[in-house]
Amino acid sequence: MQNWKHWRLVVESNGLGFLTFDRAKPDGSPDSTNTFSSEALRELGAVCTHLAANPVKGLAIQSAKDNGFAAGADIDEFTSFKSVEEAVAMTKLGLDVFDQVAALPFPTVAMIHGFCMGGGTELALACRYRIADEGPKTKMALPEVMLGIVPGWGGAQRMPHLIGAGQALGLMLTGRAVNARTAKRMGLVDVVTPRRHFTNAATMLLQKPPAPHQPALKDAVTNWPVIRGFVASASRKQVAKKARRDHYPAPYAIIDVWEKYDGDPRKVPVGADGSMQKLFEHPTARNLIRIFKLQDRLKALGAGSSDIKHVHVVGAGVMGGDIAAWCALKGMKVTLQDLDHERIAPAIKRAAALYKKKFKEAHLVQAAMDRLIPDVKGDGVANCDLVIEAIVENAEIKKTLYASIEPRLKPGAILATNTSSIPLQELAPGLARPERLVGVHFFNPVAMMMLVEIVQGPQTSDEVMKSAQVFVKKINKLPLPVKSAPGFLVNRILTPYMTEAQIMLEEGIPAETIDAAAKEFGMPMGPIELADTVGLDVGLAVGTELHKQGNPQPQKIQELVAAKKLGKKTGEGFYKWVNGHPQKSNGSGTVDLAPLWMRMTLPAVNEAVACVREGIVQDADLCDAGVIFGTGFAPHRGGPINYLRSAGREGLLDEMKALHERHGVRFAPDSGWMSV
Amino acid sequence: MKKVYVVDGARTPFLKAKGKLGPFSGGDLAVGCARALLARQKFSPTAFDEVIVGAAMPSADEANIGRVVALRVGCGDKVPAWTVMRNCASGMQALDSAYMNILAGKSHLVLAGGTDAMSHAPLLFGPAMVNWLADWYAAKSFGQRAGVVTKFRLSYLVPVIAILKGLTDPIVKLSMGSTAEIVAKRFGITREMMDAFAAESHQRVLAGRAAGHFSEIEPLIDAAGIVYKEDDGVRTDSTKERLAKLRPVFDKTYGSVTAGNASQVTDGAAMLILASEEAVARYDLNPLGAIVDSQWSGLDPAEMGLGPVHAITPMLLRNGLGLNDLDCLEINEAFAAQVLGCLAAWESEAYCKEKLGLSGAFGAMDRAKFNVDGGAIAIGHPIGASGARVVLHALKTLERTSGKRAAASLCIGGGQGGAMLLERS
């Protein structure tokens, strides 16, 4: 046995080597997850040098961590680099070390369980064979595109070679993770077996090494020179539908690097478009990596263990029903209460569809359905650990409900409300124990939106706040603690933007043009389409709740709601909807969209500044995280405060002043504009 | 003697089998009512000492359905569970097994009941097909396989319908319906009497439903978002006149037992919680009632419908009771002929003397206290569940009427009767 700081090599009596990756912290104790620091990479290079001089009959590489094989590059190290050159040097180091692995003069196999992301997948690809654990936790991906960069440690080269460029680009351009069975079907892994058989499987593979996997002809042709150009241009067209090159250069770079340089970033000339320098210099990569780290920060806010096992949800509407379904999906026992079974049934139907999509196996669908219990009589109240109230947005009705629920709760149970705009101060009076009332505000659609605002009223205890945060993390959402003020954080920031868009619409600017402008800024969906999607009744309620004296109020939305035209769900709102798609007329013409998106987004930025100044969230970073994960606000711009900082406070302040003059007081810059 | 309490119970709506597979498996049904039942208890599902489920025809992928149900409702790894089978009384057998284990001091808190999704009863290959398939799998070479292929006959594909096999007595080779015809013949029960009884069963269920007598039903919702709230075999248009138009289905042409005056083939489950005195005290429970005695008896399989007479009579006698000391009597309505046969048998001096060894007729049951809210002819008879349903409904009736004592009983294919004596204080 030979030990490095992060690696252990054992050569068995049969001549096979087993190399274990066990990433250590700086103090030498084991880290929780395997990530590649430059030190870990250099050590792997040293292991290879040692093995080249002292060859074994075959080498199996495994992880010592229970959570997975390897999660990729050490992001902390990556973000600590002072210069682009350091980042580029790290890329080259990884490439060279994994080339050393690939060049070892004996068969090699990666034994993959759990997370195998980015650099983890690239190390696996450098081996001759791959074995994957058949369990549901196995996830393989090259998610670099989500951080605005190219898979730089050989993945962009080896994956197209192994499984064909068609499949490989599909994975690299989306960053999508595949499970073991899909990986096997694609040719990404050679053997799928339970982890308990890893040693036997690796031993059998290495003792009688078969020919390495070759892509099937239909996959192999995508790499052929003539076809390559077609595949590249078809892929560019696909990408163009989702992301603009100036916003998101990485997917285009992935295609370029593969097409012109066979996926080897070392061959890309310095300064060329797809080069690592260009990508690292681009603000998108910096912003996306920042968001990735902010995501970790939100997760850390929910660190700890939770005793919550049984959730009682009151209100089986769109939000309540979907919250209940999500909690059951994540292993909670859930009782779902509404006035009758007919009101609960649509939630059960949606849950069944969600579980079918999330779980491929019928017994897992059944288990989740078994955990989701219709409860018309509200029997769950007495036994649950957490109540989530998701009934109509009316303080009096909510208080009446609490009065009937609270006396039946277990001593330690938490009472949470999913209210999207009513401050807890209005709901707490009358409670026997107001300290256990907390806001747990999910976003629609629940299954898609990562963020949950944890709203602290003045009466909410810190202990209850912490429990709510831990619970939200436990169900795989991102908890964001916010203070209880009207609209909390996300809706408060989103509302001025949505309102301005509707005012512009009433001024006669076509909805299509407004939506196109927002998308040019980088929003995933335009505000008019978004209003229709969320439901105009919901939007109107929030808009009215947050309306400030003296500001204009959009009229059309009131007329539409009065006419029961509520948007997507009724087939008509601002748009007509057919088969779930808004019917938009073509041609916003050649209007300059920038002034339009400036006018819509600056009120949101202004409100974000106010939120940070008022301490609605702890700091500006968490504000950005909340707005991005709660609304999808232009991720490549890194959130409203980051946008303010990077686009220049003075310049934007001038824009605000001009808008203030033209449109009135709602554009008055917040006092924190220059300091936040 | 120790007391054995019934704490609470719930059942699914009974859903008539309509040819195609019903929306729920036997496991789904038991889970559907048990999880609602458990959600309102003061104790955790992990507190049970055991789970016992009666099922006469569990599907192939729910072997030991008791354990399947226990795990699905969250009883956890450590609660043992088992499945019992006594044909039409499987659900009552589960209760009796729980009762016995509590009496013996081995268990204190038991989840017990019954379930069957009769619409899911399998179609089987006949012996000819099974043997042909064995030859096919054994054939290795192309030549051998070609040889096997030539021996195939289309008739091999005709399925064996398991439910028809299950409802035919293998000893006397009579369908259950034919045994009811024999009972009718013995006591002179006419087609008109059967149809009148059947029509009244529907009417009693409808009246009971309108009066809110079926609070034990827990509605179900399937994955398509369809709500099942009530027993769907109950008909508002079932009259003597309409029933008279149906053809006899068992003894065809000359018989009297029709689909209309027999119980329906149905999917359903009923689950109850049984507890010892200690468990009642420990969890501060408020029991629905108590099981004070039970009885299993055997008789000629060709007259299996008279089973309740053979089970109830000795049970009442040893408790010093007569028929009308009961405030409520539930006899599962497998067939109108069979239920009327039971009532006639008790009134028959000859039968009571000859078959029960009594000195005279046992008595006439007051119809006002007997199957007050109708029975299986209208509600349906998921055979594994019915035994638990009649016990639960008898207790619910005592609760509603402030009655003191009830009995619940079923006839059992193969020539048996089962009965339970229930009390409420």
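Two residues are in contact here if their C-beta atoms, placed from the backbone, lie within 7 Å. Helices (H or I, at least four residues) and strands (E, at least two) are DSSP runs, numbered from the N terminus. This is a predicted model, where local features need pLDDT of at least 70, side-chain atom pairs count only at pLDDT 80 or more, and totals for chains, interfaces and linings use all residues. Residues are numbered from 1 along each chain as its sequence is written, and chains are lettered from A and ligands numbered from 1 in the order in which they are written.

Let's start with helix α15 (residues 341-358) of chain A. Its end C-alpha atoms are 25 Å apart, which agrees with the 26 Å that 18 residues should span at 1.5 Å a residue; the expected span is 1.5 Å times one less than the number of residues. Among the buried residues of α15(A) are I344(A), I348(A) and Y355(A); buried takes 20 or more other C-beta atoms within 10 Å of a residue's own, exposed 12 or fewer, and partly exposed lies in between. The cover over the buried residues of α15(A) includes α14 and α16 of chain A, together with β10 and β11 of chain B.

Now look at where the chains meet: 15 residues of chain B are in contact with 17 residues of chain A. Helix α1 (residues 26-39) gives the most to chain B's side, with 4 residues.

Finally, find strand β14 (residues 328-331) of chain B, where C328(B) and E330(B) on one side and L329(B) and I331(B) on the other are all buried. In a regular strand the side chains alternate between the two faces of the sheet. E330(B) stands opposite A408(B) in β15(B).

Conventions: Pairing = 2+ DSSP bridges.
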